[in-house]
Amino acid sequence: MLITWGDMKTRSAKRMATVAAFSALIAAAPAAPAFASAHQMSPPDGGGYGRVESGHQAVSACDTSANDRGVFVRYVTSNPNDGRQHTLRDTDGSSGGCGVANVGPYVITSYQVCSIQTGGTNEKCTSEEWISGR
């Protein structure tokens, strides 16, 4: 079979079109989920924050205001043997530092941030945020 110059140009153009189409398809594909991103929110009345660190294996509760309200975080992990909700408090109030917990090798799948008046009354919480797979 004799291949002409015209045949070679046609084949080359088809290959280039295929490569260009495949490249465009790859570029248009959605990015992988940002599972490693950190998440942070404040209780409804402010005064601190709760944070799930990137990688979702550490959580912190930080009280940043001397307002007679403590800050705490409720969270759930991916541990199949432990389906309960955990509570982490900032036990020293706004005087510095935060409450910190590490749940590795598991990950935190949801959390909410709350504040409560000294003496244990008038709890205010955010909605629970599901972060598993994000």
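1. Cysteine 125 has a relative accessibility of 25% and therefore counts as partly exposed, a class that lies between buried (under 20% relative accessible area) and exposed (over 50%), computed with a 1.4 Å probe and the protein chains only. The residue belongs to strand β8, residues 121-125, where strands are DSSP runs of E with at least two residues and helices are runs of H or I with at least four, both numbered from the N terminus. Leaving aside residues up to four places away in sequence, cysteine 125 touches Pro44, Arg74, Gln112, Val113 and Cys114, a contact being heavy atoms within 4.5 Å. The C-alpha atoms of cysteine 125 and proline 43 are 5.8 Å apart, although 82 residues separate the two in sequence.

2. On provenance, this is a predicted model, in which local features need pLDDT of at least 70 and side-chain atom pairs count only at pLDDT 80 or more, whereas totals for chains, interfaces and linings use all residues. Residues are numbered from 1 along each chain as its sequence is written, and side-chain values use heavy atoms, with hydrogens and water left out.

3. Serine 115, in strand β7 (residues 108-117), is buried, because its relative accessible area is 1%. Its side chain makes a polar contact of 2.8 Å with the side chain of aspartate 45 and another, of 3.1 Å, with that of arginine 69; such a contact is a pair of N or O atoms within 3.5 Å, where within protein one must be able to donate a hydrogen and the other to accept it, and residues adjacent in sequence count only if both atoms are side-chain atoms. Beyond four places in sequence, the residues that serine 115 touches include Pro43, Val71, Phe72 and Glu123.

4. In strand β3 (residues 58-63), 6 of the 6 residues are buried, with Ala58, Ser60 and Cys62 on one side and Val59, Ala61 and Asp63 on the other. Strand β3 pairs antiparallel with β2 (residues 48-52) over 5 bridges, pairing requiring at least two DSSP bridges between the strands, and serine 60 is the bridge partner of arginine 51. The hairpin of β2 and β3 has 5 residues between the strands, and in it glycine 55 takes a positive phi near 90°. Strand β3 is also joined to β6 (residues 99-102) by 4 bridges, again antiparallel, with alanine 58 partnered by asparagine 102.

5. For the chain as a whole, there are 1 helix and 9 strands, and 32% of the 134 residues count as buried. Among contacts with a separation of 6 or more, residues 24 or more positions apart account for 55%.
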